[in-house]
Amino acid sequence: KKTFKGRFVRDVGLGFKAPREAIEGTYIDKKCPFTGNVSIRGRILSGVVVSLKMQRTCIIRRDYLHYVSKYNRYEKRHTNLAAHLSPAFIDIAVGAKVVVGQCRPLSKTVRFNVLRVIKQQKKGSKRFAKF
Amino acid sequence: MGISRDHWHKRRATGGKRKPLRKKRKFELGRPAANTKLGPRRIHYVRTRGGNLKYRALRLDTGNFAWGSEGTARKSRIIDVVYNASNNELVRTKTLVKNAIVVVDATPFRQWYEGHYVLPLGRKKGAKLTPEEEAILNKKRSKKVQKKYETRQKTAKVEPALEEQFQTGRLLACLASRPGQCGRADGYVLEGKELEFYMRKIKSKKAK
């Protein structure tokens, strides 16, 4: 019988490492992929963080080019995605490039969960950024 | 049907209003809530989609509660509903719902503990034990059996907050099952940080 100090941290799989804050922190978040009850399966996407105004979720913008065959040219398009942001990611700011993984519906619009921050703060983040 | 669980009555994520494109369908139906109360057991059966059964508990008085740190569960009587994070009304009307904090009878757990570790739990100093309890606690045992109990006693320490609850014969527990769906009020005994948290909440409510 152990004095229950152990924190429940799970391995998300697909090569994603749990951030140190998830293992050492004391937050409780049932929708966190590392310390909560969601599994990551399905699509893995990436995007740029556009808004952090929601509690524990962020809006991610994914830019892409759409081909118009009549003119043999491309047009810029973008989609916004709501993703759950675990409290494990403390230093995230608007403009950070981020990897999100699909999980079960967590709320009306949230079906993704932030798994990793690739690159932090970039200037002029609302501009089109192809990657 | 009156209650329906459809999505098309809600606004879109952009805020735009949605025009309904069909009538209410049977697979979107919702049923009235169970509002399980404390009392002698009364469960109604509901035939659901696919011919399956849901056990709508209307009144319950016992449940299987798990003592996590000891790794056992005992069926025990639910005495009172004490706190509900969503709605104080549910506490006042003593409604059993998932994640309600209830007070549970401690005797089945105490009996298990005393049988397993052969140590008195929650007994007042110098209280007289009935002959059966005496028999369990102070039985004459062979050396081998006594050794078994002694190794167990090494890990027998119970946290002080729980011990106090055993003295009064009532444990705080949290419901983990949904009585309106499965017809059972099962749960786990509150321990550690959770116990602290809920005791603080209950105290602050009483103080108001």
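In the predicted model, the side chain of Asn84(B) reaches the backbone nitrogen of Asn87(B) at 3.3 Å. A further approach from the side chain of Asn84(B), at 2.7 Å, is to the backbone nitrogen of Ser86(B). Asn84(B) lies in strand β5 of chain B, which spans residues 72–84. With a relative accessibility of 3%, Asn84(B) is classed as buried, because the limit for that class is 20%. When neighbours within four places in sequence are set aside, the residues in contact with Asn84(B) are Leu90(B), Val91(B), Val97(B) and Ala100(B).

In chain A, strand pairing was examined next. Strand β1 (residues 44–51) and strand β4 (residues 97–102) of chain A run antiparallel and are joined by 5 bridges. Within this pairing, Ser46(A) has Val99(A) of β4(A) as its bridge partner. Strand β4(A) is also joined to strand β5 of chain A (residues 112–119), again in antiparallel orientation, through 6 bridges. Here Gln102(A) is partnered by Phe112(A) in β5(A).

The strands of chain A also contribute to a nonpolar core. The largest such core comprises 30 residues, and those with the most contacts inside it are Cys58(A), Ile60(A), Ala83(A), Val98(A), Val100(A) and Val114(A). At least two residues of this core come from each of β1, β2 (57–68), β3 (73–84), β4 and β5 of chain A. Beyond its neighbours within four places in sequence, Ala83(A) is in contact with Thr57(A), Cys58(A), Ile60(A), Val100(A), Val110(A), Phe112(A), Asn113(A) and Val114(A).

Over all chains, a search of the whole structure returns 0 disulfides. Cys58(A) is accordingly in no disulfide, and the nearest cysteine sulfur, that of Cys103(A), is 12 Å away. Cys58(A) is buried, its relative accessible area being 0%. In chain B, the closest cysteine sulfur to that of Cys182(B) belongs to Cys174(B) and lies 14 Å away. Cys182(B) is partly exposed, with a relative accessible area of 29%.

Key: Residues numbered from 1 in each chain as written. Chains lettered and ligands numbered in written order. Predicted model: local features only at pLDDT ≥ 70, side-chain atom pairs only at ≥ 80, totals over all residues. Heavy atoms only, no water. Disulfide = S-S within 2.5 Å. Buried < 20%, exposed > 50% of the residue type's maximum accessible area, 1.4 Å probe, protein only. Pairing = 2+ DSSP bridges. Helix = DSSP H or I, 4+ residues; strand = E, 2+ residues; numbered from the N terminus. Core = buried A, V, L, I, M, F, W, Y, C linked by side-chain atoms within 4.5 Å. Contact = heavy atoms within 4.5 Å. Polar contact = N/O pair within 3.5 Å; in protein donor to acceptor, adjacent residues only side chain to side chain.
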